[in-house]
Amino acid sequence: MAENTVKLHYNVDPDDFTVAGEASGAVKKVLKQLGFSPDVIRRVAVAMYECEINMVIHAQGGHIDVEITPEKIRMIHTDQGPGIKDIDKAMQEGFSTADEKVRELGFGAGMGHPNMKRYTDDLKITTEIGKGTVVDMTVLVK
Amino acid sequence: MTVKEIAEKLNLTAVCDEENTDREVTGCHIGDLLSLVMSKAQSGDAWITIQGNINVPAVASLTDCAMVIIAENIQLDPQALKRAESEGIPTYITEKSAFQLACEIKECL
């Protein structure tokens, strides 16, 4: 099992939309090289990108650890941002706390967390106000 | 029809068409809210948008869209162009509306 695990680590810079998506783009390429199906690649890439964008918009960046095995892809996003006040609300489609600047860039539709849930098989969010948030997502290879 | 054929038929202005223009376009999606596009756009779609920022090529790549068409004469940011080139996303601009483009694309599919 251990020798079948690929581990990747990425840092996400704060307030830099020019690099947001680099980690999900890089993971997408790795998964393609490893021969995963387009469906799995899309699910991982979209869920990761949503999370990366959230880290850039809300949390002054952070880091992402990815573990790839033949059975599943796990992505752990860790930030030291302000935390999520109301997770239930954040999970609702259409709810967003993004500002005008972010909305002008096409984000802030309130679809970030719903997309993460839709595209992953397991989503765990651990958050503490003023301390940060860990978003732990797993996509199963079926 | 391929990306290249659609671009010619619809008289689109290419801003990035070095790669992947022989790919078949299989559908069409109109959207400007990127998260919604990520949940709805399908692989092989021609994506019509009025967004021209850096995140557009990234979303097109993640959703595996065949081409991006920016409507209403909206321009692509220089940073976005750079990213479209590095990701190999065929990207076009036009003065046509999203509705007009979608009607014309329907005839091509």
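What radius of gyration would a compact globule of 109 residues have, and what is the value for chain B? A compact globule would come near 13 Å, and chain B, at 12 Å, agrees with this; the radius is taken over C-alpha atoms, and the globule rule is 2.2 Å times the number of residues to the power 0.38. The model is predicted: local features need pLDDT of at least 70 and side-chain atom pairs count only at pLDDT 80 or more, while totals for chains, interfaces and linings use all residues. Residues are numbered from 1 along each chain as its sequence is written, and chains are lettered from A and ligands numbered from 1 in the order in which they are written.

**View 1. Chain B as a whole.** Chain B holds five helices and five strands; helices (H or I, at least four residues) and strands (E, at least two) are DSSP runs, numbered from the N terminus. Along the sequence the pattern is α-β-β-α-β-α-β-α-β-α. The C-alpha atoms fill a box of roughly 30 × 25 × 25 Å along the principal axes. Of the 109 residues, 45% are buried, a residue being buried if 20 or more other C-beta atoms, placed from the backbone, lie within 10 Å of its own. Among contacts in chain B with a separation of 6 or more, 49% come from residues 24 or more positions apart; a contact requires C-beta atoms, placed from the backbone, within 7 Å.

**View 2. Chain A as a whole.** Five helices and five strands make up the secondary structure of chain A, in the order β-α-α-β-β-α-α-α-β-β. The C-alpha trace spans about 45 × 30 × 25 Å along its principal axes. For 142 residues a compact globule would have a radius of gyration near 14 Å, and the 15 Å of chain A agrees. Buried residues account for 39% of the chain.

**View 3. The open sheet of chain A.** Five strands of chain A, in the order β1-β2-β3-β5-β4, form an open sheet with antiparallel pairing; strands pair if DSSP finds at least two bridges between them. At the edges stand β1 (6-12) and β4 (122-128) of chain A, each with a single partner strand, so one side of each has no neighbour in the sheet. Neighbouring strands are turned by 10° against each other on average, direction ignored. Within the sheet, six bridges join β2 (residues 62-68) to the antiparallel β3 (residues 72-79) of chain A, and Ile68(A) stands opposite Ile73(A) in β3(A). Helix α2(A) lies across β1, β2, β3 and β5 (132-140) of chain A, at about 0° to β3(A); axes are lines fitted to C-alpha atoms, for helices over the stretch in contact, with angles from 0 to 180 degrees between N-to-C directions.

**View 4. Helix α1 of chain A.** The twelve residues of α1(A) should span 16 Å at 1.5 Å a residue, and the end C-alpha atoms, 17 Å apart, agree with this; the expected span is 1.5 Å times one less than the number of residues. Buried residues of α1(A) include Ala23(A), Val27(A) and Leu31(A). The buried residues of this helix pack against β1, α2 and β2 of chain A together with α3 (55-63) of chain B. After α1(A) comes Gly35(A), with a positive phi near 85°.

**View 5. The contact between the chains.** In this interface, 20 residues of chain A are in contact with 18 residues of chain B. On the chain A side, α1 (22-33), α2 (38-58) and α5 (112-119) each give two or more residues, and α2(A) gives the most, with six.

Terms used: Two residues are in contact if their C-beta atoms, placed from the backbone, lie within 7 Å. A residue is buried if 20 or more other C-beta atoms lie within 10 Å of its own, exposed if 12 or fewer, and partly exposed in between; C-beta atoms are placed from the backbone.
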